[in-house]
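Please have the viewer open as you read on.

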Amino acid sequence: GLETDLAGRRVVVSAGGTREPIDPVRFIGNRSSGRQGYALAATAVARGAAVTLVSANVDLPDPAGADVRRVGSATELRAAMLAASAEADVVVMAAAVADFRPRTAAEAKIKKSGAAPRPIELAENPDILVELTRERNRAGTGQVVVGFAAETDHVLEHGRAKLARKGCDLLVVNEVGEGRAFGTADNQAVVLGADGSATEIPNGPKEALADRVWDLVRERLAG
Ligand code: C5P
């Protein structure tokens with residue numbers, strides 16, 4: 001039945017937002033709550049999957065039955081996702097990954113010196129989703145890879161371009177702006193498929209959106 005349609009499937013979900021260290025006490029972060037990723041993990045457990053949840057800085061209770069691995073930075077999230085995804089049937093990148101990190105993290109807390117403040121030099125983080133889809137293609141498995149995207153304008157056009165660039169099977173595109181998506185309990189989205197499909201998911205609880213995403217994943221799993 002529907003309740004166990006992911007039985008025997010191994011899924012990996014990333015959630016939350018990365019923190020890129022500036023010094024031992026400071027970081028560059030983002031406002032991701034982790035709620036959509038946690039809802040994906042909880043609903044996958046409910047549908048019978050073996051779930052690994054790679055959690056970046058989320059202040060929510062662990063979803064019962066998921067194997068939760070905590071990470072801080074994009075570098076740590078990348079290592080955890082590459083390791084966990086090797087054995088997975090489905091990989092979902094719901095985490096908000098920082099595009100840039102401070103080029104070096106100071107070993108000691110940075111002090112005011114009285115002089116002009118020192119700029120923080122940035123380095124670009126690797127695109128983990130692109131790496132995961134490349135690895136999947138190289139291994140030749142039927143692994144299903146799902147990405148997320150937040151867009152403010154030209155949602156379908158930008159979403160289609162992003163889906164192609166990332167090489168994933170499904171891209172869950174949220175329209176963001178005033179009071180939408182980040183930190184709220186509800187979410188709405190359009191899910192774009194590499195097969196050209198577009199599925200509207202009306203505004204509702206993040207668990208309902210998660211279940212619709214798993215429906216679309218299920219259709220793409222072999223066997
Ligand atoms: O390019 P953009 O950040 O809009 O893409 C969002 C998607 O890419 C999300 O699934 C996010 O988890 C993933 N991503 C990633 N590595 C990055 C940046 C984004 O995996 N460095």
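## The largest pocket

The largest pocket holds about 910 Å³ of space. Please keep in mind that this is a predicted model. A total of 36 residues line the largest pocket, and those nearest its centre are Ala94, Ala95, Ala96, Val97 and Phe148.

Sorted by class, this lining has 17 nonpolar, twelve polar and seven charged residues. Helix H1 (35-46), H3, S9 and H4 each give the lining at least two residues.

## The ligand and its shell

What takes up the largest pocket? The ligand does: its space is the largest pocket. Around the ligand you will find Met93, Ala95, Val97 and Asp99, then Pro126, Asp127, Ile128 and Leu129, and finally Gly147, Phe148, Lys162 and Lys166.

Seven residues of this shell are nonpolar, one is polar and four are charged. At least two shell residues come from each of helix H3 (128-139), strand S9 (144-151) and helix H4 (155-166).

## Backbone contacts and cover

Now zoom in on the oxygen atoms of the ligand. A backbone N or O atom of Ala95 is 2.7 Å from a ligand oxygen atom. For Leu129, a backbone N or O atom lies 2.8 Å from an oxygen atom of the ligand, and for Phe148 the distance from a backbone N or O atom to a ligand oxygen atom is 2.9 Å.

On its own, the ligand has 450 Å² of accessible area, and the protein covers 86% of that.

Notes:
Residues are numbered from 1 along each chain as its sequence is written. This is a predicted model: local features need pLDDT of at least 70, side-chain atom pairs count only at pLDDT 80 or more; totals for chains, interfaces and linings use all residues. Side-chain values use heavy atoms; hydrogens and water are left out. A residue is near a molecule or strand if one of its heavy atoms lies within 4 Å of it. A polar contact is a pair of N or O atoms within 3.5 Å; within protein, one must be able to donate a hydrogen and the other to accept it, and residues adjacent in sequence count only if both atoms are side-chain atoms. Accessible areas come from the Shrake-Rupley method with a 1.4 Å probe; for residues, only the protein chains shown count as cover. On a 1 Å grid over the protein atoms alone, a cavity is a set of points where a 1.4 Å probe fits but cannot get out, and a pocket is an open set with protein on both sides within 12 Å along at least five of seven lines; lining residues have an atom within 4 Å of a point. A molecule sits in a cavity or pocket if more than half of its atoms lie within 2 Å of its grid points. Helices (H or I, at least four residues) and strands (E, at least two) are DSSP runs, numbered from the N terminus. Ala, Val, Leu, Ile, Met, Phe, Trp, Tyr, Cys and Pro count as nonpolar, Asp, Glu, Lys and Arg as charged, and the others, Gly among them, as polar. Grid points are joined across faces, edges and corners, and a volume is the space filled by probe spheres set on the points.
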